[in-house]
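These are my notebook entries on a structure I was asked to look through. I set down each item as I looked it up.

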Amino acid sequence: MNEMPQCIGCGTVIQTEDKNGLGYAPASSLEKEMIICQRCFRLKNYNEIQPVSLTDDDFLRILNGLGQQEGLIVKIVDIFDFNGSWLPGLHRFVGNNPVLLVANKADLLPKSVKEKKVINWLKREAKALGLKPIDVKLVSAHKGMGMQEVVEAIEEYRNGKDVYVVGCTNVGKSTFINRIIKQATGEGEIITTSHFPGTTLDMIGIPLDDGASLFDTPGIINHHQMAHHIDSSELKYIMPKKEIKPKVYQQNPGQTLFIGALARFDFIQGERSAFTIHAANDLPIHRTKLERADSLYEEHKGELLAPPTTKHIDQLPPLVRHEFSIKEAKTDVVISGLGWVTVQHANVVVAAHAPKGVEVFIRPSLI
Ligand code: GDP
């Protein structure tokens with residue numbers, strides 16, 4: 001039998017036997033030049049995802065494989081979910097290969113954010129996590145911002161070798177690669193993209209000018225990402241889609257801000273201060289007294305405090321409290337995958353509550 005073709009969407013090898021298995025396509029489709037598997041077909045046409053079975057072991061195997069190749073690794077992270085979209089341990093697998101760190105979704109940052117500060121923050125964080133990227137670039141794959149520069153950087157750093165694009169699901173890896181293909185060839189979508197995490201399954205190679213290839217590697221599902229605790233019908237409310245408009249709240253100690261039912265931000269101690277919330281524009285913010293916050297949450301989560309709404313609130317892990325004693329004025333308290341709150345004054349104590357497993361940390365303001 002001839003070697004089976006690959007799906008033009010996800011790259012997985014096509015099979016025609018098992019309807020529920022990966023890469024299934026009806027036998028009749030084998031006559032076509034461009035074959036798309038059933039899973040990608042459904043996704044493309046119905047925006048509907050079938051469950052993926054990329055286990056953590058599979059992903060480790062792929063990472064291990066990368067270390068044995070020679071080429072440039074392009075690692076994509078979501079600036080809104082830096083920690084949630086990090087691939088822990090990547091630096092141990094890449095061997096001597098250079099890593100270009102690309103932070104995506106720059107279009108969501110408010111205009112007041114300084115690119116240089118974002119890049120410096122990314123460099124510091126990467127280093128703290130054990131990775132020394134050859135360079136750091138900020139892009140919007142969706143809008144095309146910064147893409148030309150990245151394409152040039154890839155050309156420079158790959159030095160005639162292959163390119164491996166890695167990233168966890170939902171960072172915009174498919175959008176990024178589609179954008180590169182478009183810039184290179186003028187063609188439209190070749191790789192599947194979607195709203196739903198976990199959609200790019202197998203390695204797919206895109207030929208480059210000089211005989212080398214650019215490989216899309218499967219995205220691993222990082223289980224602690226906020227997006228995985230939210231029902232897909234409600235994801236659109238928490239994932240920002242447009243440039244974020246900061247919302248300013250003048251707060252006194254003893255006050256609390258709820259961001260839907262997803263997070264809570266307590267002002268415990270300090271002088272009256274402005275707190276600037278950077279999160280999806282449609283997320284409702286609710287202000288209350290700290291002493292009432294626990295009971296309000298218990299009584300009204302899913303209703304007054306939403307999303308998630310009553311129907312899906314049980315999927316959300318319980319909120320965990322993280323206390324910070326902030327010394328410097330203009331410090332961001334970041335909740336991975338949701339956004340951040342800039343505390344404008346120095347010497348305040350705050351507590352951020354976020355779903356269990358979701359990372360919460362502070363950094364100097366990006367503004
Ligand atoms: P993948 O799972 O990493 O391949 O991610 P996709 O390319 O499917 O994108 C995941 C989600 O992020 C989709 O809803 C995209 O529309 C969105 N997305 C991708 N790139 C960008 C970007 O540059 N800006 C914004 N705002 N959204 C993006």
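**Entry 1: strand β2**

Is β2 largely enclosed by the rest of the structure, or is it open? I noted first that the model is predicted. I then counted the buried residues of β2: 6 of the 6 are buried, so the strand is largely enclosed by the rest of the structure. The cut-off behind this count is 20 or more other C-beta atoms within 10 Å of a residue's own.

I looked next at the directions in which the residues point. V99, L101 and A103 point one way from β2, while L100, V102 and N104 point the other way. Residues of both sets are buried.

I then looked up the pairing. Strand β1, residues 71-78, is joined to β2 by 6 bridges, and the two strands run parallel. I recorded one partner pair here: V77 has A103 in β2 as its bridge partner. β2 also pairs with β3 in the parallel sense, over 4 bridges. For L100, I found the bridge partner in β3 to be D135.

**Entry 2: helix α4**

I checked the length of α4, which covers residues 115-128. At 1.5 Å a residue, its 14 residues should span 20 Å, and I found its end C-alpha atoms 20 Å apart, which agrees. I then sorted its residues by burial. W121, L122 and A126 are buried. These three cover an arc of only 130° around the axis, which puts them on the same side of α4. On the other side of the helix, I found K116, R124, K127 and A128 to be exposed.

**Entry 3: A352**

I located A352 in strand β15, residues 348-355. The residue has 25 C-beta neighbours inside 10 Å and therefore counts as buried. Leaving aside neighbours within four places in sequence, I listed its contacts as A263, F265, H322, V333, I335 and V360.

**Entry 4: E234**

I located E234 in helix α7, residues 232-238. Is E234 buried or partly exposed? I counted 19 C-beta neighbours inside 10 Å, and E234 therefore counts as partly exposed. From E234 to V113, 121 residues apart along the chain, I recorded a C-alpha separation of 27 Å.

**Entry 5: domains and confidence**

I noted the division of the protein chain into domain 1 (1-50), domain 2 (56-222) and domain 3 (238-364). The centres of domain 1 and domain 3, taken over C-alpha atoms, are separated by 43 Å.

The protein chain has a mean pLDDT of 87, and 90% of its residues reach 70 or more. For the complex, the predictor gives an ipTM of 0.99 and a pTM of 0.85.

Definitions and conventions: Residues numbered from 1 in each chain as written. Predicted model: local features only at pLDDT ≥ 70, side-chain atom pairs only at ≥ 80, totals over all residues. Expected span 1.5 Å × (residues − 1). Buried ≥ 20, exposed ≤ 12 C-beta atoms within 10 Å, placed from the backbone. Arc of directions from axis to C-beta. Contact = placed C-beta atoms within 7 Å. pLDDT = per-residue confidence, 0-100. Domains from an automatic or database assignment. Pairing = 2+ DSSP bridges.
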